[in-house]
Amino acid sequence: MIAFDIEVLCDLLRDSNLSSKARLCYFVLHWFASKKNGCFPSYNDLAYTMNVSKESVNKAIKELERNRYIYVGKRQARNTRGKMRIYSNVYFMYNLNERFEIIEEGKNPNDIIRERLKKMSGKI
């Protein structure tokens with residue numbers, strides 16, 4: 001499991017734009033996360049772990065994404081015919097520097113996640 005970015009965690013706890021369910025969802029996503037800061041639990045798994053409805057999970061995810069705590073991407077896989085199809089959502093948690101680049105500098109969240117994945121795979 002990854003370590004929490006303490007500054008992001010402090011922001012999250014003080015952020016009046018977030019509901020308590022959104023905060024709980026952030027912790028649960030961290031619990032599911034791998035070393036790449038990414039995870040792909042289903043809404044059913046999140047709802048079960050949080051003891052809330054799937055609708056509550058959906059709202060919490062949207063709150064976290066809107067407030068730039070997480071990035072929601074699409075994980076793809078090839079089907080039996082070799083065509084790409086969307087498999088599931090993948091969730092990435094931003095660190096403090098990434099949040100700053102998005103919020104203050106207007107950087108594209110897609111670019112930040114792409115850069116992180118390249119660095120982690122050794123392509124940079």
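Let us start with the charged side chains: there are five salt bridges here, a salt bridge being a side-chain nitrogen of Lys or Arg within 4 Å of a carboxyl oxygen of Asp or Glu. The model is a predicted one, in which local features need pLDDT of at least 70 and side-chain atom pairs count only at pLDDT 80 or more, while totals for chains, interfaces and linings use all residues. Residues are numbered from 1 along each chain as its sequence is written, and side-chain values use heavy atoms, with hydrogens and water left out.

Lys-107 is partly exposed at 26% relative accessible area (buried means under 20%, exposed over 50%, partly exposed in between, with a 1.4 Å probe and protein chains only). Glu-101, at 24%, is partly exposed, and Glu-115 is partly exposed at 32%.

Now move to helix H6 (residues 109-121), where Arg-114 and Asp-111 lie three residues apart, about one turn of the helix. Helices (H or I, at least four residues) and strands (E, at least two) are DSSP runs, numbered from the N terminus. The side chains of Arg-114 and Asp-111 meet in a salt bridge of 2.9 Å, N to O. Elsewhere, salt bridges that share partners join Asp-11, Arg-14 and Arg-99 into one network.

Arg-99 leads us on to the aromatic rings, for it lies over the face of Tyr-69, at 4.0 Å from the ring centre; a charge sits over a ring if NZ of Lys or CZ of Arg is within 6 Å of the ring centre and within 35 degrees of the ring normal.

What do Tyr-26, Phe-27 and Tyr-69 form? They make up one aromatic cluster. Rings of Phe, Tyr and Trp (its six-membered ring) pair if their centres lie within 6.5 Å; planes under 30 degrees apart count as stacked, over 60 as edge-to-face and the rest as tilted. The structure holds three aromatic pairs. In one of them, Tyr-26 and Phe-27 have ring centres 6.3 Å apart and planes at 85°, so the pair is edge-to-face. Tyr-26 and Tyr-69, with centres 6.2 Å apart and planes at 75°, are therefore edge-to-face. Because Tyr-26 lies in helix H2 (residues 20-32) and Tyr-69 in the loop between helix H4 (54-66) and strand S2 (70-78), this pair ties together parts that are 43 residues apart in sequence. Both Tyr-26 and Tyr-69 are buried.
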